[in-house]
Amino acid sequence: MGYDLMLSAMRYASPTTVAEAVDLLGSDPAARVYAGATDLIPQIRAGRPEPTVMVDLKRIDRLCAIGSNGSTYTVGAAAPTADICGHDGLAADFPGLVEASGLIGSDQIQSRSSWGGNLANASPAADTPPSLIVNDARAVIAGPGGERTVAAADVATGPGQTSLGPGEIIVEFELDQPPARTADAYLRLIPRTEMDIAVVGAAARITLDGDGNVAAAAIALGAVAPTVVRVPDAEAALIGNLPSGEVLGAVEAAAAAATNPIDDKRGTVAYRRQVAGVLARRAVSIAAERAAQQGDQS
Amino acid sequence: MTVTESKPSYKYVGTRPVRHDGLEKVTGRARFAADLNMSGQLHGIVVRSPHAHARIVSIDTSDAEAMDGVKAVITGDDFPAVDPSHRQYDMCINVIARDKVLYEGHAVAAVAASTRDQAQAAAAAVKVEYEVLPAVLTIDQAMAPGAPLLHAHMMTAGANPPAEEPSNISNVTRFSGGELDAGFAEADLVIEREFTTQPVHQGYIEPHACVADTGQDGHTTIWCSSQGHFNVRSSTATLLGWENSRIRVIPAEIGGGFGGKTTIYLEPLAVALSAKAGRPVKMVMTRDEVFRATGPAPGTKLRIKLGVKSDGDLVAGDAYLIYTNGAYAGPGGLLGAMTVFESYKIPNFEIEALDVVINTARSAAYRAPAAPLTAYAMETMLDEIAEELGIDPIDFRIQNAVTEGDPSTMGFPFARIGFVECLEAVRDHPNYKAPLGPNQGRGVAAGYWFNIGESSSATVNLNEDGTATVVTGSPDIGGSRASMALMAAEELGIDVYDIRPVVGDTEAVGFTDVTEGSRATFATGMAVVEACRRMVVELRGRAAKMMGVDVDDIDWMDGQAVYTGSDGEKAPLSVAEITAKAKRTGGPLTATGSLEAHGAGPGFAVHLCDLEVDPETGVVRVVRYTASQDAGTAIHPSYVEGQIQGGVAQGVGWALNEEYIYDSDGVMENPSFLDYRVPVASDLPMIDAIIVEVPNPAHPYGVRGVGETGIVPPIPAVANAIYDATGCRIRDLPMSPIRVLDAITSNGGSNGS
């Protein structure tokens, strides 16, 4: 049994431009990029083959920047979640996404962890992807063929699998300023209060019309399928209705039905299904309440 | 908060000085076992079995030996053969497997190389051929007819009639009193319940680690973290077939033990590697190895039947307890039998306890071993009975609680104990009547641990400047150095900060047993007091010489020799004044105390848990926790409170989330703190500790050990609170969200769709 990190053969590279990073990756298929390395190092410790080169993305300014042009936020793929949580604009416009970002690991991990790493690691239980997805985040991807932009929902394709091609990295995320009376929420179930991995995660974004009915809804679930699951039936049940009573019951039932979970050491199929419904319903309620408060303020 | 009987007033005992080892620890300077590095040291890595049960067909070390940097490779063949009749056979074949591996992670070989990477590569190159055997992973599998045997020689000890065939049942323990059938016939209410619990790990933060350096003279020095370095010495000597005197063990600071460091794993391997390579060898376990290969607490199946009269008097108890101690015979069943009925007056009882072996790591002690599980069963059943009879659960316990003079399960009468006082302290605490919110519940439970005495030694050396060094042989796992200094300060009359309490190595202080059984402040404290009292006799003699008077006319008062004779006034002499003249009055001032301590006062605790259950997810959050415990006399109240709070934290983790998860082949699936869920700080509220002080008559300051009892009541306190919140009795551990939600759903609770 080999348990320890064997750093002896590995090399370290710290490119300062996206082009340099792409070149490094293109020249060596066994190179691995990392932002915080909060997933990569435990994986190597657990016996995953060592990369030949560890490519540190944190020295590339663009990958750590957080900015906005007034209508769209641009968040570097390697920006520490601690910075994201401390960003007033993001916290006001995407409270659920920011909450999800703040749930990753501990304070120490927060200074390293990032949206790009969280998404590209492609763990079904990752906390930020459901929230990125309900907010229609786009990932800007750079590679040997230049840059392309895809929906964040299209990056992870299965546990540990992504649509990123050879030599491609996520550079940044784009998030459009949400419309009026819109808010999101994220809830996760862990047996402890922190330092744990989601047994179920649920993100919701709700837009209300002037009467308090749901004008737009997005619900996404984590840890209940190989990739994040959207719940169109629940979204449809909400549109045009007040987010309460029987409508919420329909959300819960649709969310439970949309899951395709596994039995493992962290949860059972039956438990994950039941709790996914509960968390989806609660996340919708919280998001709707937040959206309504925005309406009150405006 | 402290509830105290009248007791003498002390100057130092009962105060809260900053612990002497505190600053070094909070600034990161304290040296734990893995912090030591020696010039020329090699790194040792253990080769471990990937199978839960297998015969070792062959081990080929030739490839490993030929690899870069490799200086030594050892297997079981490098140690003397050991016969099953040997007293420490289990320990010997656990440290390194001989013909069979008995659990996943069992050590089969070890490698030492210049770097850790080289050692790991070489360990991976040791070729072990296994004949995989069917694994026995549960109590039911182990006891099934025709079950595969772990130990071909294992005949059940204590069986009556004697066992004729080997089995996986290592021991049977039976205790009884009164007439069981008559007792149940007298009862107005009889209930019988069954419980299951899973193994849990002690969860100490510091992994096992050591450095061994063996010289040309055949002597070795071991630096390691343990709860007892004299035990490390004797156990290592046993494995190697050496005399104890060839081994010196120097204790490092210890980063948590909780019972799990009362045995050894690495040290004999490090010594053997060091002897073979002629270099110091350092070995440090990873967390993964700690989980797979070191001491969990036992898992159990328990069945208890209780009979009670309608007025609330318990009249009969029948207990059938099965403990599994992993792959080896263990004391779990015996300790369960010794604790299950101990706290209550039950005139008619029978207890049968079995110890069963399965293909998992060998159990080690964990705070009040076995008692939290018997308490889980007993205290939840008492809760049920109290509710059925309409009696307040604390009043019901007070009615049945043992007090001074009552016989214990094994027949001896209890001395003065503080159980009733602990119950009253919680009943009278405002938290007992505090309002509860929606989905919240409150549970009360009691706990007992007998505590032990054993051998202890202490040396007090007065320094030239009048300060003192107190050397004991007890590794400090919970603040005991501060307690030693406080008792020495009280005896000598020296300021507590002028006393340096240290843990001496095996060649620097007299034999001292392991820090276990909550014995350090009790037993080693007695040795310190004995040494100090001898020192005071010596100081009086020296002062008499200096004053030129008869020693009988010298009293020792508040740190000074005071002349009480009639020959006029004489200035009192301080310790510093006496030590300054020591060369002229008889030489260095040193005194020792060594004893076999008896009369460890039993510890009782009563806990009150308030928690909130999310009825839709089964998640349980503890919102308020109140714990009383009889400390006899709290030498350092902060560390008594710390012991109580630590016991609660571990007990709550045990109740809610902790368990070993194995796959169907017996491979552990959660060997990390990510998936083996001990509580994190935010999982717990501040725990209100109530120190009850009913002095132990056998100790000069009335000390009762406090290290273990606090882990006994939390599991049933949590279970009773969950019942109060949900109406569900959960009789299987852990009470995880999945299990709680399942119970609520089956009980027709909300969200039952």
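## Contacts, cores and interfaces in a predicted model

Q: What does Phe341(B) touch, leaving out residues up to four places away in sequence?
A: Phe341(B) touches Ile304(B), Leu306(B), Gly317(B), Asp318(B), Ala319(B), Ile346(B), Phe349(B), Glu350(B), Ile351(B), Met378(B) and Thr409(B). Contact here means heavy atoms within 4.5 Å.

Q: What kind of model is this, and which residues count for local features?
A: The model is predicted: local features need pLDDT of at least 70, side-chain atom pairs count only at pLDDT 80 or more, and totals for chains, interfaces and linings use all residues. Residues are numbered from 1 along each chain as written, chains are lettered from A and ligands numbered from 1 in written order, and side-chain values use heavy atoms, without hydrogens or water.

Q: Why is Thr409(B) called buried?
A: Buried means under 20% relative accessible area; exposed is over 50%, and partly exposed lies in between (1.4 Å probe, protein chains only). Thr409(B) has 9%, so it counts as buried. Thr409(B) sits in the loop between helix H12 (393-400) and helix H13 (419-427) of chain B. Helices (H or I, at least four residues) and strands (E, at least two) are DSSP runs, numbered from the N terminus. Its contacts beyond four places in sequence are Phe175(B), Ala337(B), Phe341(B), Glu342(B), Phe349(B) and Ile351(B).

Q: What makes Thr409(B) and Glu342(B) a polar contact?
A: Their side chains are joined at 2.5 Å. The rule asks for a pair of N or O atoms within 3.5 Å; within protein, one must be able to donate a hydrogen and the other to accept it, and residues adjacent in sequence count only if both atoms are side-chain atoms. So the pair qualifies.

Q: What makes a set of residues a nonpolar core?
A: The members are buried Ala, Val, Leu, Ile, Met, Phe, Trp, Tyr and Cys residues, joined through side-chain atoms within 4.5 Å. In soluble globular proteins, nonpolar side chains tend to be buried together. The largest core here has 102 residues, and Ile304(B), Phe341(B) and Met735(B) touch the most other members. Helix H11 (residues 371-389) of chain B gives this core its largest share, 10 residues. A second, separate core of 58 residues includes Ile96(B), Cys224(B), Ile247(B) and Ala293(B).

Q: Why does Pro713(B) count as buried?
A: Its relative accessibility is 0%, so Pro713(B) counts as buried. Pro713(B) lies in the loop between strand S29 (687-693) and helix H19 (714-726) of chain B. Leaving out residues up to four places away, Pro713(B) touches Ala445(B), Ala446(B), Gly447(B), Ala605(B), His607(B) and Tyr625(B). The C-alpha atoms of Pro713(B) and Val648(B), 65 residues apart in sequence, are 8.0 Å apart.

Q: Why is Leu36(B) buried rather than exposed?
A: Its relative accessible area is 16%, and therefore Leu36(B) is buried. Leu36(B) is in the loop between helix H1 (22-26) and strand S2 (42-48) of chain B. Beyond four places in sequence, Leu36(B) touches Arg31(B), Gln41(B), Val211(B), Trp223(B) and Lys282(B).

Q: How are the domains of chain B assigned?
A: The assignment gives domain 1 (33-134 + 203-293), domain 2 (367-450 + 601-747) and domain 3 (454-597). Such bounds come from an automatic or database domain assignment.

Q: What do domain 1 and domain 3 of chain B bury between them?
A: They bury about 1,300 Å², 60% of it on carbon and sulfur atoms. Buried area is the accessible area (1.4 Å probe) that two parts lose on being put together, summed over both. Gln227(B), Phe230(B) and Arg248(B) supply 43% of the area domain 1 buries against domain 3, more than any other three residues. In contact are 15 residues of domain 1 and 17 residues of domain 3.

Q: What makes Arg248(B) and Asp505(B) a salt bridge?
A: Their side chains meet at 2.8 Å, N to O. A salt bridge needs a side-chain nitrogen of Lys or Arg within 4 Å of a carboxyl oxygen of Asp or Glu. So the pair qualifies. Across the interface of domain 1 and domain 3 of chain B the rule finds 3 salt bridges.

Q: Why does Lys265(A) with Asp675(B) count as a salt bridge?
A: The closest N and O atoms are 3.4 Å apart. The limit is 4 Å, so this pair counts too. Between chain A and chain B the rule finds 6 salt bridges. Helix H12 (residues 269-297) of chain A gives the largest share of the side of chain A that touches chain B, 7 residues.

Q: How many residues does each chain bring to the contact?
A: Chain A brings 28 residues and chain B brings 35 residues. The two chains bury about 2,700 Å² between them, 51% of it on carbon and sulfur atoms.
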